[in-house]
Amino acid sequence: MQPQKIIIDTDPGQDDAVAILLALASPEEIEVLGLTCVAGNVPLDLTSKNARIVCELAGKTNVKVFAGCDRPMGRDLVTAEHVHGKTGLDGPNLPDPTMPLIPGHAVDFIIDTIRDHAPGVITLCPLGPLTNIATAFEKAPDIVKRVKKIVLMGGGYFEGGNITPTAEFNIYVDPQAADIVFKSGVPIVVMPLDVTHKALVTKPRNDAFRALSTRVGTAVAQMTDFFERFDKEKYGSEGAPLHDPCVTAYLINPDLFTGRHINVEIETQSELTMGMTVADWWRVTDRTPNATFMGDIDADGFFALLTERLARL
Ligand code: BDR
Ligand code: CA
């Protein structure tokens, strides 16, 4: 099988970093055409710097990294330093990147790459707010039908929200963008909090990263050490949830996940529930299904895959 050609749209973030490392470690299944950065966990200057730090950590300095939108489509930017630290990548002490950003805007790279490939080839993997993707769809509507699928981290149904009682961070930051993407007609696979809160870095899983005794293994253990303090305190959970790596793991082994093909709409009006993913899990409406909304994960299988792949870097 040919590797899947993907663009990772990202706002690193420790869990984004692990998702990127997993993709870069898996060339048989995944060809990363580029990383497009967006403002989210931290402002754009930091996410576009962190993405390059992660590429250099992986020893993949030839990956194309672009800076994209620095704010949501219609709202002020909300960031998450309270979760990810001041840099967005707090935990390990990693050097500043030497590889440059590629000149040009991430949105134009997304548009050009989709146009340059046959329809049905490019998979988009958003790990942050959907601003770059929705902006590309608005600017170049001809690309929408050419996208093979979108596999994204965002939303929640049974788990509710993590930034408000009803909204998950990525969707909350730019609900307007999320609405455009969910209405686009592109096949969408969603990794919501319902799944990612089961992908917890417990102590033995963290020890397994550290036991790789590589720069990458140590850095990932330090990132998840840092990231876990927030969720342990908030949810009383056993460790850090690896939200975004669920996206890249799905590309490698979709059988690790189960879900339902259902209708998912985004709340864009109510301040109370802004950014909620209104998921018709029980199929109580006749609204047309537009997304495969995952509900469960084989967490042991996921961590076995992740640890095995990280060991390659
Ligand atoms: C999502 O928000 C960010 O904090 C994480 O990187 C992840 O993409 C989880 O809600
Ligand atoms: Ca993210």
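User: Why is the pairing of Asp296 with Lys198 called a salt bridge?

Analyst: The closest N and O atoms of Asp296 and Lys198 are 3.5 Å apart. A salt bridge is a side-chain nitrogen of Lys or Arg within 4 Å of a carboxyl oxygen of Asp or Glu, so the pair qualifies. This is a predicted model, in which local features need pLDDT of at least 70 and side-chain atom pairs count only at pLDDT 80 or more, while totals for chains, interfaces and linings use all residues; side-chain values use heavy atoms, without hydrogens and water. Residues are numbered from 1 along each chain as its sequence is written, chains are lettered from A and ligands numbered from 1 in the order written.

User: Is Asp296 buried, partly exposed or exposed, and what decides it?

Analyst: Its relative accessible area is 35%. Buried means under 20%, exposed over 50%, partly exposed in between (1.4 Å probe, protein chains only). Asp296 is therefore partly exposed. Lys198, at 36%, is partly exposed as well.

User: What makes Glu28, Glu29, Glu308, Arg309 and Arg312 one network?

Analyst: Salt bridges that share partners join these residues. The whole structure holds 15 salt bridges.

User: Why is Thr123 called buried?

Analyst: Its relative accessible area is 0%, so it falls under the cut-off. Thr123 belongs to strand 4 (residues 122-126). Beyond four places in sequence, it touches Lys5, Ile6, Ile7, Lys148, Lys149, Val151 and Leu251. Contact here means heavy atoms within 4.5 Å. The C-alpha atoms of Thr123 and Lys149 are 5.0 Å apart, although the residues lie 26 apart along the chain.

User: What makes the link between the side chains of Asp179 and Lys183 a polar contact?

Analyst: The distance is 2.9 Å. A polar contact is a pair of N or O atoms within 3.5 Å; within protein, one must be able to donate a hydrogen and the other to accept it, and residues adjacent in sequence count only if both atoms are side-chain atoms. Asp179 is in helix 7 (residues 175-182). At 15% relative accessible area, it is buried. Leaving aside neighbours within four places, Asp179 is in contact with Ile266 and Thr268.

User: Why is helix 11 called mostly covered?

Analyst: In helix 11 (residues 245-252), 8 of its 8 residues are buried. Among them are Pro245, Tyr250 and Ile252.

User: Which residues have the most contacts inside the largest nonpolar core?

Analyst: Phe257 and Phe302, in a core of 66 residues. Such a core is a set of buried Ala, Val, Leu, Ile, Met, Phe, Trp, Tyr and Cys residues joined through side-chain atoms within 4.5 Å. Helix 1 (residues 14-24) gives the most to it, with 8 residues. A second, separate core has 39 residues, including Phe109 and Phe182.

Methods. Helices (H or I, at least four residues) and strands (E, at least two) are DSSP runs, numbered from the N terminus.
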